[in-house]
Amino acid sequence: MSVTAPELETVSVDLGARSYDILVGHGALDQLGPRLAAMLKQSRVFVLTDANVEAAHRARVEAALSASGISSSWLALTPGEKTKSFSNLEAILDWLLEGGADRSDILVALGGGVIGDIAGLSASLMKRGMGFVQVPTTLLAQVDSSVGGKTAVNSPRGKNLIGAFYQPRLVIADTGLLETLPARELRAGYAEIVKYGLINDPAFFDWLEANGARVLALDAEAITYAVAVSCRAKAAIVAEDETEKGVRALLNLGHTFGHALEAANDYRPDLLHGEAVSIGMALAFRYGAATGITPPEDADRVTRVLEASGLQAAIPGRQGGAYTASELVRLMQQDKKASGGKVPLILARGIGQAYIHPDADLAAVEDFLRGETSEG
Ligand SMILES: O=C(O)C(=O)C[C@@H](O)[C@H](O)[C@H](O)COP(=O)(O)O
C-alpha cells in the first residue's frame with residue numbers, strides 16, 4: 001500500500017542510506033502518522049515546537065498521531081531567533097533524557113527554521129543520534145531549512161556557528177499549515193524561493209516574477225508548485241555536496257550579507273532571517289553590478305521583484321543606531337565558509353548564474369557597503 005496521497009508531490013533527497021522523502025502539498029500532514037508508524041520501535045514520539053505553533057497546530061498533530069496509535073511528549077519554546085541558543089539546546093536534551101529517549105526514538109520538529117535547526121542539532125547529540133523528522137510550518141522552513149540537514153544554534157559571535165550536518169528521516173511540507181502564517185512570515189519565506197531562481201533557474205525566476213502574488217496569496221496550485229520546485233532544487237544541490245565542500249555554498253546566496261545584518265541586529269525580531277536574506281541577495285547583485293560582474297539591469301530587476309513582493313532590498317534603519325560598513329564586514333569574516341583569512345562570497349554573472357567567488361575583496365565590500373548604509 002502506498003502511504004502517499006496522489007495529490008502530494010514527493011521529492012527525494014538522494015543520500016544513499018540516509019535518503020529521505022519530502023512530501024509537499026495540502027494535507028501532507030495526514031501522512032505523518034503512517035510514515036512514523038513504519039519507522040518507530042515504540043509507538044511514541046517527542047515533539048519540539050514553539051508556543052505559537054503549539055496553539056495553532058497541536059490539536060491537529062496529536063489527532064494525526066493518535067490515529068496511528070502514536071503517543072507524544074511535547075516541549076514548546078518561546079518563538080523567535082533568540083531561542084536558537086546553547087541554553088535551550090541543553091534544556092531540550094534534558095527534556096529528552098528525562099523522557100527516557102533512546103536512539104530508536106524520533107524527535108519531530110514542528111515549527112519554523114528556529115525549531116527545525118535546534119531540534120536537528122539536539123537529535124544529532126542525543127545519545128550520539130536519535131531519529132528526527134521535520135514538519136515545517138513556515139514557508140521558509142518548507143522551502144529551505146527543513147531540507148538538507150544543516151542544524152545549528154547561534155552564538156553572539158554569529159549565526160549558526162555551532163552546529164552539525166544531520167539529516168532528517170522525512171520532511172512533511174503541508175502547504176495547508178501556511179494558512180495561519182502572518183503575511184510578513186510568508187514574505188520572509190518567499191525570499192528563499194526567489195533565491196532558487198537567482199542561483200540557477202532563470203525560468204523559475206521569470207515564473208515568480210509573473211506568479212509571485214499567487215504564491216503569496218497561497219493559491220493552491222501556485223504554492224505547491226513553488227514549494228516543490230524549491231525543494232527539488234535544494235535536494236539536487238544537497239545530493240551533490242551534502243557537507244558544503246563546494247557547490248552547496250551556492251545556497252548561501254545573500255546569506256553572508258544577511259547573516260551579518262542579523263547578528264549586528266542582535267537577532268531581534270524586527271529583522272527576520274528571510275528579510276535579511278532578501279536584503280543580502282539584493283546587496284550581492286548590486287555589489288556584482290558595482291564591480292562589473294553582474295549586468296546592472298539584472299541587479300535592478302532583482303531589487304524590483306523583491307520589493308514588488310513587499311520585501312526590502314536595502315539596508316534598513318536599526319534600533320539604537322545605524323548599521324556600519326565596518327561592523328558588517330567584521331561579522332562577514334565570521335562566516336562558516338571563511339577559511340585561511342579568505343571570505344567567499346556568492347555572486348552572480350546574471351539572474352540564474354550564481355557562482356562562488358572564493359576570496360572577496362573585503363576593502364571593496366566595505367567601500368560598497370558604506371554607500372549602502374546611512375554612512376554613505
Ligand atoms: O542549506 C544550505 O546549505 C544553506 O545555505 C541554506 C540557507 O538558506 C540556510 O539559511 C542555512 O541554514 C544557512 O547556512 P549557514 O551554513 O550559512 O549557516
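How many nonpolar, polar and charged residues does the shell around the ligand have, by class? Before I answer, please keep in mind that this is a predicted model, in which local features need pLDDT of at least 70, side-chain atom pairs count only at pLDDT 80 or more, and totals for chains, interfaces and linings use all residues. Residues are numbered from 1 along each chain as its sequence is written.

The shell has one nonpolar, five polar and seven charged residues, where Ala, Val, Leu, Ile, Met, Phe, Trp, Tyr, Cys and Pro count as nonpolar, Asp, Glu, Lys and Arg as charged, and the others, Gly among them, as polar. Of the 13 residues around the ligand, those that come nearest are Gly148, Lys150, Asn160, Leu251 and Asn252, and a residue is near a molecule if its C-beta atom, placed from the backbone, lies within 6 Å of it. Helix H5 (139–145) and strand E8 (158–165) are the elements that give two or more residues to this shell; helices (H or I, at least four residues) and strands (E, at least two) are DSSP runs, numbered from the N terminus.

The C-alpha centres of the two domains are 25 Å apart, and the contact takes 31 residues from domain 1 and 31 residues from domain 2, with two residues in contact if their C-beta atoms, placed from the backbone, lie within 7 Å. On the side of domain 1 that touches domain 2, strand E1 (9–13), strand E2 (20–24), H5 and E8 each supply at least two residues.

Let me turn to the record. UniProt, in an unreviewed entry, lists several residues for "binding site", including Asp117, Thr137 and Lys150, although such annotations may be inferred rather than shown by experiment. Asp117 lies in helix H4 (residues 113–125) and counts as buried because it has 25 C-beta neighbours inside 10 Å, the cut-offs being 20 or more other C-beta atoms within 10 Å of its own for buried, 12 or fewer for exposed, and partly exposed in between, with C-beta atoms placed from the backbone. Leaving aside neighbours within four places in sequence, Asp117 is in contact with Lys84, Ser145, Thr151 and Ala152. Thr137, in the loop between strand E6 (131–136) and H5, counts as buried because it has 28 such neighbours inside 10 Å.

Technical notes:
Domains from an automatic or database assignment.
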